[in-house]
Amino acid sequence: MKLIYSVMLILCGLVFTNAQKTFTVQGTVQDFHDKTMLENAVVKLGDFTARTDKSGKFSFNKIPSGNYTLIAKHPDCNDYTENVGVTQDVHLAITLEHHIGEIETVTIHGSHKTKGSVIMQTLNHTDIERNSTENLGNLLSKMTGVTALKTGNNISKPVIHGLYGSRISILNNGVKMAEQEWGVEHAPNVDTNDFEHIDVIKGASALKYGNEGVGGVVVLEPATVPKRDTLMGNIKLSGISNGKGAEISTNVLKSWENEWFVKTGGSYKKLGDLYVPHHTLQNTGAEVNSFNFSFGKHSFMQGFDVSYSGINQEFGIYRGAHLASPEDFYNAVNFGQSYYLDQFMYDIDNPKQEVAHHIAKLSAYRRFADFGKLTFQYSFQLNRRKEYDIRRGEFNDLPSMDLRLITHSASLVHLIERSNWSLESGISGTFQDNYPNPSTKARRLIPDYYRYDAGAFSVFKYRLNTQLNVEAGARYDFSRYDAYKYYDSDKWNANYADTFPQFFVNESGSRILTRPILDYHNFSANIGLDYRPTQNFEFKLNLSRADRTPNPAELFSDGLHHSAAIMEEGNLNIKKETVYNVNLSVAGHFDVLKGLHLEVNPYLMMSDNFVNQIPTSVMSTNRGVFPVWTYQQIKARIYGLDADAELNILDNLKWKSGFSILKGDDLSNNEPLILMMPAKLRNSIELNLSKPSHFYVTLENENAFKQNRFPIRDLPVTFIKDGVERSETVDFSSTPAAYTLFNASVGADIIKNLNVNFRINNVFNTEYREYLNRLRYYMYEPGRNFVVTLKYNF
């Protein structure tokens with residue numbers, strides 16, 4: 001028995017000894033791109049933690065056998081996770097993706113770890129959520145230095161530092177929007193509910209996105225997909241008092257741990273005629289619906305996604321802007337005499353516009369250890385725009401303009417990163433086919449044309465030390481128009497016959513068919529630096545030169561632009577536009593109360609061939625009386641200043657202020673530029689109690705000063721009154737008075753996952769006009785508006 005007990009004790013001791021046996025786990029952490037060993041990376045093995053030394057090495061001693069989850073982290077890197085079985089001594093070589101600071105790929109997400117030298121402002125998810133019923137132009141106008149060019153009260157587009165239209169590029173989930181953006185009343189075809197945040201890059205420094213964004217780039221980014229097995233989404237319902245309308249939207253995302261995902265969403269908004277103080281404007285309703293769907297797989301090494309988005313918009317154009325006689329036009333502009341008021345309805349009648357925009361995109365990427373990252377993208381866009389005028393008989397049901405624009409785009413981009421530098425280069429190509437439907441029985445404002453674009457860019461960034469980064473970029477673009485356009489014989493012979501005889505095709509009666517083929521070679525470049533002498537101070541400077549190909553309206557427009565209520569005349573002699581930009585940003589953080597952040601952004605834009613559009617005459621037609629706006633090329637200068645301040649008074653009480661001012665000069669004619677935004681000052685104060693119900697209350701004040709610098713472009717008109725012919729001058733130049741607006745909002749979680757947001761715009765129902773509203777002569781801006789939004793997250 002003693003022998004048996006002794007053997008059992010020995011066996012138990014051996015088992016116990018084996019159970020307590022420990023091992024050593026060692027390894028290195030290095031950069032994926034250039035194999036640089038990473039210091040101070042944190043490595044966790046179960047409950048054990050170690051940190052890498054200068055050689056990137058780490059070590060764990062006396063680790064019991066078993067299965068562990070290993071996590072490696074390093075600043076500006078994606079976390080690395082792996083399941084490790086420890087049954088013997090282990091040596092690991094861990095590779096992390098170490099971003100030294102992407103240049104203009106600007107993974108512009110979240111806190112924007114690196115913006116480079118670009119001057120950029122961001123609307124975060126909270127800003128978008130609280131103003132989700134606003135269109136893109138109105139939403140972006142809440143930024144300092146950004147405003148909106150409007151046609152009525154539903155249609156607006158962003159203006160950055162006085163520039164708009166085709167000078168502003170809009171990136172919708174990586175796709176540059178192609179949507180007849182030359183039109184002043186062509187609102188961007190996007191649904192702001194689809195995006196997590198919106199970034200505005202000021203100036204022509206973002207060369208990756210093309211050469212045409214000489215004024216800036218608007219980047220619309222959806223939320224990043226979580227890399228876990230989850231189902232999430234939301235549904236929002238908004239009631240809108242001004243227009244007696246509503247909006248509903250929803251977004252759903254399903255993702256899996258294997259990094260596959262699928263998401264979809266959509267929205268619908270309906271508004272009736274809009275209210276201005278004391279009156280309702282006839283035919284100012286709107287109806288908008290959108291849908292999006294995407295799926296794909298995003299892993300560290302490679303990924304792809306396929307997406308589709310579509311939006312349909314129908315906007316009424318205020319009936320009082322389309323006047324039948326010169327006398328009505330004179331009375332409306334000079335004396336503010338309004339027409340077509342106070343009969344509210346939801347139906348949208350002529351004049352109106354109907355726009356449909358579809359985007360299909362395929363993108364894919366692949367990382368290579370020594371070569372870098374390759375990204376390919378192809379997109380297809382279809383834009384269909386119908387504009388309806390007030391016409392007689394059966395023609396009233398026909399659109400006066402019916403444009404179909406098809407755009408194919410493809411790009412291949414290479415990004416390589418090393419410890420102190422990075423280089424991003426790419427090539428792109430675009431083909432456009434514009435077709436104006438002749439069944440409108442009206443003169444085509446924009447002719448048939450094909451457009452071909454090809455471009456190549458390269459942007460280099462170098463980190464001199466921990467305080468100073470420099471970057472430089474260059475881009476070349478080739479563009480060709482191949483158009484078919486009819487001209488009146490007298491106009492062709494007077495303006496173009498001697499200059500462009502090679503474009504003549506044939507003559508039919510009083511009309512001449514031409515085929516303009518125009519080539520443009522554009523070169524753009526920028527140099528920037530980002531200097532941070534201390535943790536609380538940052539200095540940015542960006543110098544750029546950019547060439548822009550004239551847009552179709554500047555070259556070819558000829559006739560009545562119904563939605564804008566103007567006649568437009570293009571100019572075939574217009575050359576490419578070259579713009580020089582200087583952008584400076586100085587930002588600092590100071591220990592005042594709970595923290596004060598200040599940023600000042602002075603800028604200067606110069607051009608010797610700036611394309612300007614000005615009113616030159618009044619034309620009376622069988623469809624009404626309209627001002628004639630003509631394109632011309634001039635020497636121009638725009639300079640200004642944006643300033644922002646944010647003071648944390650208490651931990652939960654914040655004050656923000658923004659001021660912007662600019663001056664634009666037509667140096668060729670020694671007069672101010674037309675349609676330059678007036679000085680604006682915005683202030684807001686917000687109380688935010690994150691616990692227990694995320695309660696907040698915000699008060700906002702906006703002050704717009706009178707624009708005292710404007711060109712004199714008054715227009716002569718002649719009409720008969722009381723049997724006597726009268727010659728009068730229409731005051732088409734004077735600018736509206738200054739105004740002050742107040743807005744307020746409050747919100748909180750009602751119950752878990754259910755949030756309510758209540759907002760009042762124009763609290764005191766102020767009567768005012770916007771200088772940058774092309775219909776300001778005929779109408780006021782919207783009156784008081786109550787908006788309540790319920791949002792349920794799941």
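This is a predicted model: local features need pLDDT of at least 70, side-chain atom pairs count only at pLDDT 80 or more; totals for chains, interfaces and linings use all residues.

Q: How many helices and strands does the chain have?
A: There are six helices and 45 strands.

Q: What share of the residues is buried?
A: Buried residues account for 52% of the 794. The accessible surface of the chain is about 34,400 Å², and 56% of that belongs to carbon and sulfur atoms.

Q: What about contacts in the chain: what percentage join residues at least 24 apart?
A: Counting contacts between residues at least 6 apart in sequence, 66% join residues at least 24 apart.

Q: OK, on to sheets. What's the strand order in the open sheet of four strands?
A: The order is β3-β2-β5-β6, and the pairing is antiparallel.

Q: Which strands stand at the edges there?
A: β3 (48-51) and β6 (80-86). Each has a single partner strand, so one side of each is left without a neighbour in the sheet. On average, neighbouring strands of this sheet are turned by 20° against each other, direction ignored.

Q: How many bridges are there between β2 and β5?
A: Four bridges, linking residues 42-45 of β2 with residues 66-73 of β5 in the antiparallel sense. Lysine 44, for instance, has isoleucine 71 in β5 as its bridge partner.

Q: Now β22 and β23. How do they pair?
A: Antiparallel, over 17 bridges, with β22 covering residues 352-368 and β23 covering 372-388. A hairpin of three residues joins the two strands, and arginine 367 stands opposite lysine 373 in β23.

Q: Which strand do 15 bridges join to β23?
A: That's β24 (residues 401-417), and the two run antiparallel. There, lysine 386 has aspartate 402 in β24 as its bridge partner.

Q: Switching to helices: which residues of α4 are buried?
A: In α4 (residues 326-335), Pro326, Phe329, Tyr330, Asn331, Ala332 and Val333 are buried. They pack against β35 (596-621), β36 (624-650), β41 (715-721) and β42 (724-730).

Q: What follows α4?
A: Glycine 336, with a positive phi near 65°.

Q: Single residues, then. Is threonine 578 buried or exposed?
A: Threonine 578 counts as buried, because its relative accessibility is 9% and the cut-off for buried is under 20%. The residue is in strand β34 (residues 577-590).

Q: Which side chain does the threonine 578 side chain make a polar contact with?
A: The side chain of aspartate 547, at 2.7 Å. Leaving out residues up to four places away in sequence, threonine 578 touches Arg545, Ala546, Asp547, Met606, Ser607, Asp608 and Asn609.

Q: Last one: where does serine 425 lie?
A: In strand β25 (residues 421-436). Its side chain makes a polar contact with the side chain of serine 458 at 2.9 Å. Beyond neighbours within four places in sequence, serine 425 is in contact with Leu412, Val413, His414, Phe457 and Ser458.

Q: And what separates serine 425 from histidine 597?
A: Their C-alpha atoms are separated by 35 Å, and the two residues are 172 apart along the chain.

Key:
Residues are numbered from 1 along each chain as its sequence is written. Side-chain values use heavy atoms; hydrogens and water are left out. Two strands pair if DSSP finds at least two bridges between them. Axes are lines fitted to C-alpha atoms, for helices over the stretch in contact, and angles run from 0 to 180 degrees between N-to-C directions. Buried means under 20% relative accessible area, exposed over 50%, partly exposed in between (1.4 Å probe, protein chains only). Contact means heavy atoms within 4.5 Å. Accessible areas come from the Shrake-Rupley method with a 1.4 Å probe; for residues, only the protein chains shown count as cover. A polar contact is a pair of N or O atoms within 3.5 Å; within protein, one must be able to donate a hydrogen and the other to accept it, and residues adjacent in sequence count only if both atoms are side-chain atoms.
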